[in-house]
Amino acid sequence: QLQVVESGGGLVQPGGSLRLSCAASEPLDPYAIAWFRQAPGKEREGVSCIVSRDGTTYYADSVRGRFTIFRDNVKDSVYLQMTNLKPEDTGVYYCAANKFRLCVLRDPDINDFWGQGTQVTVSS
């Protein structure tokens with residue numbers, strides 16, 4: 001079955017940038033791939049999602065204009081380019097796959113496969 005692995009997290013100052021990677025064990029065409037994040041004491045929230053088959057993208061209001069999600073079909077990977085990072089972006093970021101190509105940022109439970117998470121810390 002599908003496996004996804006996140007990487008690219010780290011410590012960055014406010015206003016800085018990071019690129020997160022979600023590497024898959026097989027081609028992602030049959031899936032929608034979403035990024036979720038969770039900070040201590042806060043609910044898990046959807047960040048962004050892409051339908052790999054046609055490239056349709058979705059963004060949470062809190063990140064629209066700052067984050068960009070895109071795919072690389074050659075590498076079977078999805079990326080989240082994060083710019084102008086803010087302290088409130090801090091959290092563990094997870095990538096998740098939906099086998100019916102659904103993007104629903106308000107409902108993490110629709111996803112069938114999850115990565116282990118990568119920590120993003122935005123602090124001065």
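These legends walk through a few close-up views of a predicted model.

**View 1**
A search of the whole structure turns up four aromatic pairs.

**View 2. Tyr 94 and Trp 114 make another ring pair.**
Here the centres are 6.3 Å apart and the planes stand at 75°, so this pair is edge-to-face as well, given that angles over 60 degrees count as such. Tyr 94 is part of strand 9 (residues 91–98) and Trp 114 is part of strand 10, so the pair ties together parts that are 20 residues apart in sequence. Trp 114 is partly exposed, and its relative accessible area is 30%. Look for Phe 36 too: ring pairs join Phe 36, Tyr 94 and Trp 114 into a cluster.

**View 3. Strand 5 and strand 6 form a hairpin.**
Strand 5 (residues 45–51) and strand 6 (residues 56–59) run antiparallel and are joined by four bridges. Which residue of strand 6 is the bridge partner of Ile 50? That would be Thr 57. Four residues lie between the strands, and Gly 55 in this hairpin takes a positive phi near 85°.

**View 4. Tyr 79 sits among residues from elsewhere in the chain.**
Tyr 79 is in strand 8 (residues 77–82). Its relative accessible area is 11%, so Tyr 79 counts as buried, the cut-off being under 20%. Setting aside neighbours within four places in sequence, Tyr 79 has contacts that include Arg 19, Leu 20, Ser 21, Ile 69 and Phe 70. Trp 35 is also in contact with Tyr 79; these two are 44 residues apart along the chain, and their C-alpha atoms are separated by 9.2 Å.

**View 5. The largest nonpolar core has 28 residues.**
Which residues have the most contacts inside this core? They are Trp 35, Leu 80, Met 82 and Tyr 93. Several strands give two or more residues to the core, among them strand 4, strand 7 (67–72), strand 8 and strand 11 (118–122). Strand 3 provides the largest share, four residues. Zoom in on Met 82 and, neighbours within four places in sequence aside, you'll find contacts with Leu 18, Leu 20, Phe 67, Tyr 93 and Val 120, among others. Another core, of eight residues, lies apart from the largest one and includes Ala 32, Cys 49, Cys 103 and Leu 105.

**View 6. One cavity of 30 Å³ or more shows up in the whole structure.**
The volume of the largest cavity is about 40 Å³. Its lining includes Arg 37, Gln 38, Ala 39, Lys 42 and Glu 88.

**View 7. Pro 30 lies in the loop between strand 3 and strand 4.**
With a relative accessible area of 33%, Pro 30 is partly exposed. Beyond its neighbours within four places in sequence, Pro 30 is in contact with Asn 98, Lys 99 and Arg 101. From Pro 30 to Ser 52 is 7.3 Å in space, C-alpha to C-alpha, though the two are 22 residues apart in sequence.

Methods: Residues are numbered from 1 along each chain as its sequence is written. This is a predicted model: local features need pLDDT of at least 70, side-chain atom pairs count only at pLDDT 80 or more; totals for chains, interfaces and linings use all residues. Side-chain values use heavy atoms; hydrogens and water are left out. Rings of Phe, Tyr and Trp (its six-membered ring) pair if their centres lie within 6.5 Å; planes under 30 degrees apart count as stacked, over 60 as edge-to-face and the rest as tilted. Buried means under 20% relative accessible area, exposed over 50%, partly exposed in between (1.4 Å probe, protein chains only). Two strands pair if DSSP finds at least two bridges between them. Contact means heavy atoms within 4.5 Å. A nonpolar core is a set of buried Ala, Val, Leu, Ile, Met, Phe, Trp, Tyr and Cys residues joined through side-chain atoms within 4.5 Å. On a 1 Å grid over the protein atoms alone, a cavity is a set of points where a 1.4 Å probe fits but cannot get out, and a pocket is an open set with protein on both sides within 12 Å along at least five of seven lines; lining residues have an atom within 4 Å of a point. Grid points are joined across faces, edges and corners, and a volume is the space filled by probe spheres set on the points.
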